[in-house]
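Subject: Structure for your review

Dear colleague,

Please find below the structure that I am handing over to you.

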Amino acid sequence: MARRKIVAGNWKMNMTPSEAVELVKTLAPLVESDDVDVVYGVPAIDIVPVVEAVKGSKVAVAAENMYFEDKGAYTGEIAPAMLVDAGVKYVILGHSERRDYFKETSEDINKKVLKAFEYGLTPIMCCGESLEQREQGITMDWIRQQVKVGFQNVTADQAKTAVIAYEPIWAIGTGKTATSEQAEEVCKGIRECIAEIYDEATAEAIRIQYGGSVNAGNAAELFAMPDIDGGLVGGASLKADFGKIVNYK
Ligand code: PGA
C-alpha cells in the first residue's frame, strides 16, 4: 500500500494566540487536500485556539514538544494528557533546536517517544546531521544512532504509525536545501535502519519526512523521491506558501 504523504508545519517560537488564529484562517482555503495529511505544529500556548480554529477541517495539530512524565512537579513542562485533552494528535520530538539549545539527548527523546505512544499521540521524531558531520562522512552513522536510540522499546506496530523527520541541521532556516538526491539517500538509509530493527513491513509503513528549507519551489521534487513521504516545514509554514507545499503536485 502506498504511504500517504504528510506535510507538517513547524511554527517554532512564532505566532501569538491571536496571530495563530489569523494564520489558520488565511491558510484554511489553501491547505485543502484529500491526498495529504496536513499538520500544524504550534507553540503550546497556541494549541487550544488552533485546535478550535481548525475544527471542521482535515488539519491536525501537533505540539512542538512534550515532557516524558505523566504529571507532577515539573514546572513549565507540558504533560502528554494535556495535549490529548486539548485535541492534539501529533507531537514533534527531538527537533535539532531542542537537542542543541535545550540539551535533549536521544535517551530523553526515546522516553518522550514511548510516552507519546502510551497516550495515543503520533510522534514526529526528528534527526539530522550537522555540516561538520556531513563533511566527516559520518552522516548515516549518526542518524542510525539517533533512530536506534529514539526507537528503543518501541514495538513494530507502534513504529508503523510513527513519523521520522530527517532534517539536516545545515539546511534548517538557511535557505540551503539538501538536494533531492541527498535527502533521498538519507531517508532511504533511515528506512533500511527501520527494516533492520523491525522488518520490511514496518519499514514500508513508517513515514519519513524531509525538513530543511522546504518551500513552494522545491517541495514537488523532494516529495517525488521514493523514500520521502512529505515534509516538516519551518519558515514557509507561516506563509501562504504552505498551501502550495501541501498541494505540491
Ligand atoms: P525551515 O525549518 O523550513 O525553516 O528550514 C525546518 C524545521 O526546522 O523544521
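The paragraphs below describe what was found, from the whole chain down to a single residue. Please bear in mind that this is a predicted model.

The chain as a whole

The chain contains twelve helices and eight strands. Its radius of gyration is 17 Å, close to the 18 Å that the globule rule gives for 249 residues, so the chain is as compact as a globular protein of that length. The C-alpha trace spans about 45 × 45 × 35 Å along its principal axes. Of the 249 residues, 52% count as buried. Among contacts with a separation of 6 or more, 73% are made by residues 24 or more positions apart.

The barrel

The eight strands form a closed barrel with parallel pairing, in the order E1-E2-E3-E4-E5-E6-E7-E8. On average, neighbouring strands of this sheet are turned by 25° against each other, direction ignored. As an example of the pairing, you may look at strand E2 (residues 36-42) and strand E3 (residues 60-63), which are joined in the parallel sense over four bridges. Here Val39 stands opposite Ala60 in E3.

Two helices

Helix H9 (residues 180-197) lies across strands E5 (122-127), E6 (163-166) and E7 (207-211). Its direction is at about 145° to that of E6.

Which residues of helix H2 (residues 47-54) are buried? They are Ile47, Val50, Val51 and Val54. These residues lie on the same side of H2, because they cover an arc of only 100° around the axis. Their cover includes helix H1 (17-27), E2, E3 and helix H3 (80-86). Just after H2, Gly56 takes a positive phi of about 85°.

A buried aspartate

Finally, I would draw your attention to Asp229, in the loop between helix H11 (219-223) and strand E8 (230-233). Is this residue buried or exposed? Asp229 has a relative accessible area of 3%, and because the cut-off for a buried residue is under 20%, Asp229 counts as buried. The side chain of Asp229 makes a polar contact with the side chain of Arg191, at 2.8 Å. Leaving aside residues up to four places away in sequence, Asp229 touches Arg3, Arg4, Lys5, Ile6, Arg191, Ile206, Arg207 and Ile208.

Yours sincerely,

A colleague

Definitions and conventions:
Residues numbered from 1 in each chain as written. Predicted model: local features only at pLDDT ≥ 70, side-chain atom pairs only at ≥ 80, totals over all residues. Heavy atoms only, no water. Pairing = 2+ DSSP bridges. Axes fitted to C-alpha atoms, helices over the stretch in contact; angles between N-to-C directions. Contact = heavy atoms within 4.5 Å. Buried < 20%, exposed > 50% of the residue type's maximum accessible area, 1.4 Å probe, protein only. Arc of directions from axis to C-beta. Polar contact = N/O pair within 3.5 Å; in protein donor to acceptor, adjacent residues only side chain to side chain. Rg over C-alpha atoms; globule rule 2.2 N^0.38 Å.
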